[in-house]
Amino acid sequence: MDYIVSGGNKLYGELPVYGAKNCALALLGATTLTDEEIVLTNCPQIVDVQNMLQLLQTLGKKVWRVGDVVGVSGALNTTIVTTPLASLIRGSVLVMGSILAKYGQVELPLPGGCAIGSRPIDIHLDGLRKMGVDVCEQDTQVVCIGKPRCVTYKLRFPSVGATQNLICASVLSNGKTVLKNCAIEPEIVALERLLINMGAKISGVGCSTVTITGVSSLHTATANVIPDRVVTATYLASVVCAGGKVTLTNCNPHHLRSFLQLVSANFSTKVYKHEIQVDVTTKASSYGVVQTAPYPYFPTDMQSLLLSMSCYARGQTTIVENLFENRLLHNASQLNKMGGNVVVDGRVATINGSTLVGADVFARDLRGGAGLVVAGLGAQGQTHVHDVEHIHRGYANLAQNLNCVGAKIHTVN
Ligand code: UD1
């Protein structure tokens, strides 16, 4: 499936933001910690969530969905996660800690590398080993056996997924676990809050040191999936590239401070508790030197958006990608096809502002694909973005939503 983006249409109006993919996946992974029902509200209707729900069903969970409300309940009838679904969705690794905590064993496919770089899970597995779990890595599978025991463990890097897995692995253990150097992304705070609502004892919510005192069982709870900060940034980047004046509602501006700082330094921006209004009438000067890093610093998931925005700035922007080694080159080459001036040297991209013109470009991953659509909104003529299936993994109706505020994007099969 492809998008044909007709550039040059300014955006005006209001766009509501929906629930975050990365939050929903983590919360859904945690539903395996109890047989009782977990209800999620504001759960986004995106392909990755559909696949995660299907994966939970193949494990034995009962799942219902009405609009953006999802319920998951029941016991697992297997602790073996099988391939076709697990390989479709990288977030499937997030069931590992929870299944292990409740059932004392789990087997799942080892996630391989992907378009944005190698995706090792050594920190997840090292933490589990320190918790006394017997971890056996085979060619394509990892088999973990043993109930996680309480430990003090310092993650060598604040990995989002490893933090989530190790917290979930600890909530049913035999005593007090102290995890140090944890990631502190908003999606982790949301997970910690759900676990506490389920009866877990966790202190240090949102801190890099988290203390978990094991309990014997967890129970039913409800959680609201937090607004998607990457979708919020995508909408902002769309207005920056296309021009116009848009109000984003149902968002949490606090969760994207680093991105918002760059936008408000260049454009008239009003920020409220759950709303952001941006008014773009001129070009940005430049975004300076921006490095991706774990929260609260500039997120790697917003890097491709900034790359596109930088093409429309007047001066030079430098972006350093510190998280995923292959996350710059592809979009740089696609933007250059559109007349961009992006030079990549390893993990560093230097972008000199120019005028973009429509071209045939290829989405190769979720966030990069969204970056190309955003770039097309400001380009002269038509940008044909191929393979937008990648985008649908994490965006609900990106084209239709942008069209509601004046974009012209046609979907072709
Ligand atoms: C999550 C997000 C993803 C985001 C990323 C970084 C979900 C479903 N996905 O992915 O959108 O881009 O955080 O913000 O929430 N690493 C290791 N060993 C490990 C784990 C990670 O070396 O065991 C490295 C990775 O290769 C990468 C860095 O740590 O360079 C960050 O990865 P991590 O924070 O784990 O990202 P994910 O949880 O996979």
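Q: How many residues line the second largest pocket, and which of them lie nearest its centre?
A: The second largest pocket is lined by 22 residues, and nearest its centre lie Val240, Cys241, Ala242, Lys283 and Tyr312. On a 1 Å grid over the protein atoms alone, a pocket is an open set of points with protein on both sides within 12 Å along at least five of seven lines, and a lining residue has an atom within 4 Å of a point. This is a predicted model, in which local features need pLDDT of at least 70 and side-chain atom pairs count only at pLDDT 80 or more, while totals for chains, interfaces and linings use all residues. Residues are numbered from 1 along each chain as its sequence is written, and side-chain values use heavy atoms, with hydrogens and water left out.

Q: What is the volume of the second largest pocket, and which helix gives the largest share of its lining?
A: The volume is about 270 Å³, counted as the space filled by probe spheres set on grid points that are joined across faces, edges and corners. Helix H8, residues 229-242, gives the largest share of the lining with three residues; helices here are DSSP runs (H or I, at least four residues), numbered from the N terminus. By class, the lining of this pocket has twelve nonpolar, eight polar and two charged residues, where Ala, Val, Leu, Ile, Met, Phe, Trp, Tyr, Cys and Pro count as nonpolar, Asp, Glu, Lys and Arg as charged, and the others, Gly among them, as polar.

Q: How many cavities of 30 Å³ or more are there, and which residues line the largest cavity?
A: Rolling a probe the size of a water molecule over the atoms shows where empty space is left. A cavity is a set of points where a 1.4 Å probe fits but cannot get out, and the count here is two cavities of 30 Å³ or more. The largest cavity holds about 50 Å³, and its lining is made of Ser304, Arg327, His330, Asn331, Arg364, Asp365, Arg367 and Gly368. Helix H11 (329-337) and helix H12 each supply at least two residues of that lining, which by class has four polar, four charged and no nonpolar residues. The second largest cavity has a volume of about 40 Å³, and its lining divides into five nonpolar, three polar and two charged residues, including His254, His255 and Tyr297.

Q: Is arginine 367 buried or exposed, and what does it contact?
A: Arginine 367, which is found in helix H12 (residues 366-378), is buried because its relative accessible area is 4%, and buried means under 20%, exposed over 50% and partly exposed in between, with a 1.4 Å probe and protein chains only. Leaving aside its neighbours within four places in sequence, arginine 367 is in contact (heavy atoms within 4.5 Å) with Lys21, Asn22, Val230, Asp301, Ser304, Arg327 and Tyr395.
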